[in-house]
Amino acid sequence: MIFLYFACLLPSIAFGSLNDENTRGAIDVQKTIVGQCIGGLVYALFSGQPLVVLLTTAPLALYINVIQGICDDYQLHFGAFYACIGLWNSFFLVLYSLFNFSLLMKLFKRSTEEIIALFISVTFVLDAVKGIVKIFEKYYLDVSANATTLSNSSLDHSVSGNQTDAHPAAIHHGRETAVLSLMLMLGTLWLGHTLYQFKKSPYLHSRVREILSDCALPISVLIFSVVGSYFFKEIEMSKFNYNPSETMFALAPIQSLSTGSVMSAMGLGFLLSMLFFIEQNIVASLTNAPENRLVKGTAYHWDLLLVALINTGLSLFGLPWIHAAFPHSPMHVRALAYVEERVENGHIYETIVSVKETRLTTLVANSLVGLSLLLLPFPLQLIPKPVLYGLFLYIALTSIDGNQLFERVALLLKEQTAYPPTHYIRRVPQRKIHYFTGLQVLQLIILCGFGMSPLPYMKMIFPLIMIGMIPIRYNLLPRIIEAKYLDAMDAEH
């Protein structure tokens, strides 16, 4: 429960801060936490697969940024246009669930799911890099502005004479801020990943190793928040904004939109529904994967309908959208699993024996997320933004654990004798493996090219690029690689 609480709260703060920058305060940290609490509780109570974790995600933050850009270009009210897009999105999701469209997810092979999962990881990395670059541009490269500020500070300090002994040390915000920010981001990543991998070490008791691994994220965020906000308190750090709102549940003025704006919102809502449909079902599929050995059945269409209803309410009140989150959902399953280590041909493998399937963890975790509103602004605002960027990098790094596409890319740097005894390596020629990997990487580059384009109107169609991978897998790849080899590399085991 503690693991899941922090796994929901910290990304909510991180994406709330990101959305606050992108929307100029229309969607902030407070609204993100409220939306997470309400949506998470409803899903935990009524979903068919409660092990799936709902969050606002990096692709959604990308889409919200596009919507803000369109509103700026056409002088539209962001709250009204956002709500209208969300309602159209929910409308299409309801149609998908009623007509059993989730059955089409059988067309998404494992290789396609891995490309989309890596795209999400790349999005996390890009958000972190953009954030730290902004800090360096503000504090490190703008030397003249910082020098002027520091000289004025020194002048005021000297004029005050002997009275300076009675005042605390001056706050510095020059290049030291940029360097410390970089150290905090990388330190959060390093400590979090080290503790996450600690379960594989021979030190301490197995139960202690498991607790440290599950709590790697909150421990690293807590430690480096203390370092940045206490040990270096004389250095100014960038922190997320907190704007207390008395109108948290004010309805969006959708009636102010013109007919043309509503029709435009329908097109954007349809593209957004594609993203929801793909993300929700792929994450649910990864959660229900055979290797997780879950006992209870699936409920893809019911859960999709429930997500549509949840986001209807969130849209009307200007709260951020949520859907099934990767890698949080598979990690939630892992945290509830009983795992055994097995040795095969000199390689150690972890196998899930059973999973404790329960609604209790998501119920308690999202309830605690709601209570965390009492911790705003103090002490949650003491978390520096660079620590949140380190959190993005941690999520990206841990999400590639077990991703076969990433593992096959690593094979390009290894000798053939050092290849692990994976099922497809025993059945597919080495050259075919590299061909397949190269084609997957090419699709990933194309997807990133659209999803991360500086042109907002190119960004909005990246869900269609995801759908376009289906005909590529079924029509193009079999002409390059034999079907039997493709099936072997797409197999689950």
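I begin with a salt bridge between E21 and K134, whose closest N and O atoms are 3.6 Å apart; a salt bridge here is a side-chain nitrogen of Lys or Arg within 4 Å of a carboxyl oxygen of Asp or Glu. E21 lies in helix 1 (residues 2–23) and K134 in helix 5 (residues 110–141), so the pair ties together parts that are 113 residues apart in sequence. Helices are DSSP runs of H or I with at least four residues, strands are runs of E with at least two, and both are numbered from the N terminus.

This is a predicted model: local features need pLDDT of at least 70, side-chain atom pairs count only at pLDDT 80 or more, and totals for chains, interfaces and linings use all residues. Residues are numbered from 1 along each chain as its sequence is written, and side-chain values use heavy atoms, with hydrogens and water left out.

E21 is partly exposed at 27% relative accessible area, and K134 is partly exposed at 46%. By definition, buried means under 20% relative accessible area, exposed over 50%, and partly exposed in between, with a 1.4 Å probe and protein chains only. E21, K134 and K385 are linked in a network of salt bridges, and the whole structure holds 8 salt bridges.

Another of these joins R24 and D72, with the closest N and O atoms 2.6 Å apart. R24 sits in the loop between helix 1 and helix 2, and D72 in helix 3 (residues 58–74), 48 residues apart. R24 is exposed at 59%, whereas D72 is partly exposed at 37%.

A further pair is R473 with D487, at 3.7 Å between the closest N and O atoms. R473 belongs to helix 18 and D487 to helix 19 (residues 483–490), 14 residues apart. Here R473 is buried at 5%, while D487 is partly exposed at 45%.

I turn now to helix 11. Spanning residues 300–316, helix 11 has 17 residues. Its buried residues include D303, L304, L305 and N311. Among the elements covering the buried residues of helix 11 are helix 2 (29–46) and helix 4 (78–98). After helix 11 comes G318, with a positive phi near 70 degrees.

Which residues does S97 contact, leaving aside its neighbours within four places in sequence? They are H301, L304 and L305, where contact means heavy atoms within 4.5 Å. S97 lies in helix 4 and is buried, with a relative accessible area of 6%.

Definitions and conventions:
Expected span 1.5 Å × (residues − 1).
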